[in-house]
2 protein chains.
Amino acid sequence: MQNRPSSNTTDPVSITLADRLFDTLQRAIVEGEIAPGSKISEPELARQYSVSRGSLREAIGRLEARKLVERKPNLGARVVTLSYEQLIEIYQVREALEGMAARLAAQNMSETEIEELQTLLEEHGHEIEEQHGQAYFQKQGDLDFHYRIVQGSKNHQLIGLLCDDLYHLLRMYRYQFGMRSKRSQQAYEEHHYLINAIAAKDPEMAELLMRQHIRSSRRNVERMLLES
Amino acid sequence: MQNRPSSNTTDPVSITLADRLFDTLQRAIVEGEIAPGSKISEPELARQYSVSRGSLREAIGRLEARKLVERKPNLGARVVTLSYEQLIEIYQVREALEGMAARLAAQNMSETEIEELQTLLEEHGHEIEEQHGQAYFQKQGDLDFHYRIVQGSKNHQLIGLLCDDLYHLLRMYRYQFGMRSKRSQQAYEEHHYLINAIAAKDPEMAELLMRQHIRSSRRNVERMLLES
DNA sequence: CTCGCTTAAAGTGTCGACAATTATTAACTA
DNA sequence: TAGTTAATAATTGTCGACACTTTAAGCGAG
């Protein structure tokens, strides 16, 4: 789910070179291969990936739009530096946007989509029982679940903001801070309540539960980062 | 307020050429000089503004990031086409994000910021009394008010999403659909309630009022567009 | 006359080079 | 030796040219 070929085009694989470069660099940054705060040297990267500086600059521009790099005129681009404050800010935005997404999903998700989501949740449940799925659940499964609800909102603005912009930043934080929580059991239960509200077509309740869920997740992160 | 020199850099005027081009094109698109849905011909615009295609492409890339143009590989870029459905989507996103912004503003705005906001609101009141300020109120004053609350949230993610991305799209709709509402009196009152909640440091109430305010605004738009 | 193919034109994607700006080093003075 | 300035190197910004793709026009067969 998380590694769709390109940004948001429905076409097969990324056609243009700058697109592929963008995907490659985004993955490298998100997964930490290129360290946060490090400088992006255009000549060096261009040589490294055997592309022109022009194509590279286009890719960098799109990374900047997604707030994965910051560029200052005549000074070049740097990978963003992650901070506790920014992570909190992201959770606040998520609470607002995903709360709305859950509300809309309760109105707009099709029956088959709901069933697929329930199936996905059952799988997560099994993985938790088997105990070795904890890491997976927090790293991918959780985002997977949220991802589908956002899609279910059918609001393209919302989908773009969350799936194209925020989620990549969030994944970067997870890689960087090693955010595996012992909260998977609780998160699983909260997901369960949430999907029930959606299946019951209760927008108000869906939004409420989603916001509580994300607030809990945020508090968990706060605890985790303050003790380290 | 709405025409800051560049995107979000604190530097003086836009230094780089692509930056100026970006500002120019953004204004031209938002104000309708370049028609929605029209094709962006790189050679033509490059000649028209006497710049290289490279610089132009960088500017277009940033317009794409703000969803003011859509680009398809090997086919070029077009100014976005505005639709009723998309406008509704934007209002839903605004309700979520600005609701959160109001909540945070109630927690984080300084006393002086609150006073300035009250002063601004009084001016709006006078303009409405004098009757000839209606158009102004809806066109700029309203966004001005919302703009300041968003700033008052002190959440940079939120500020970026709303002020750098969504608001320009919204202004484009206002220019394009000629959205002047007869709702200025009611909107003024709602702004009044809202600022009281903020001054009282009541986050819950502030968010509630802001969401109601935006929902009202959305319903007004729905009415207006359905009768035309 | 229409449909399909071939071919020319225009447009986008990519590249390497030059110009302008910033960072670095070296020399020089106090 | 420390600080300042000048010269040099490296990096970014901008440009024009070439390669590939898409579109349009022209042409021929049915």
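How many residues of domain 1 of chain A are in contact with domain 2 of chain A, and how many of domain 2?

1. Contact (heavy atoms within 4.5 Å) involves 10 residues of domain 1 and eight residues of domain 2 in chain A. This is a predicted model, in which local features need pLDDT of at least 70 and side-chain atom pairs count only at pLDDT 80 or more, while totals for chains, interfaces and linings use all residues. Residues are numbered from 1 along each chain as its sequence is written, chains are lettered from A and ligands numbered from 1 in the order written, and side-chain values use heavy atoms, leaving out hydrogens and water.

2. Domain 1 of chain A spans 12-79 and domain 2 spans 84-227; such bounds come from an automatic or database domain assignment. Their centres, taken over C-alpha atoms, are 28 Å apart.

3. The two domains of chain A bury about 860 Å² between them, 62% of it from carbon and sulfur atoms. Buried area is the accessible area (1.4 Å probe) that two parts lose on being put together, summed over both. Of the area that domain 1 buries against domain 2, 55% is supplied by A:V30, A:E31 and A:R66, more than any other three residues.

4. Between these domains of chain A the count of salt bridges is zero (side-chain nitrogen of Lys or Arg within 4 Å of a carboxyl oxygen of Asp or Glu).

5. In chain B, an open sheet of three strands runs in the order β1-β3-β2 with antiparallel pairing. Strands are DSSP runs (E, at least two residues) numbered from the N terminus, and two strands pair if DSSP finds at least two bridges between them. The edge strands are β1 (39-40) and β2 (69-72) of chain B. B:K39 has B:R78 in β3(B) as its bridge partner.

Technical notes: Helices (H or I, at least four residues) and strands (E, at least two) are DSSP runs, numbered from the N terminus.
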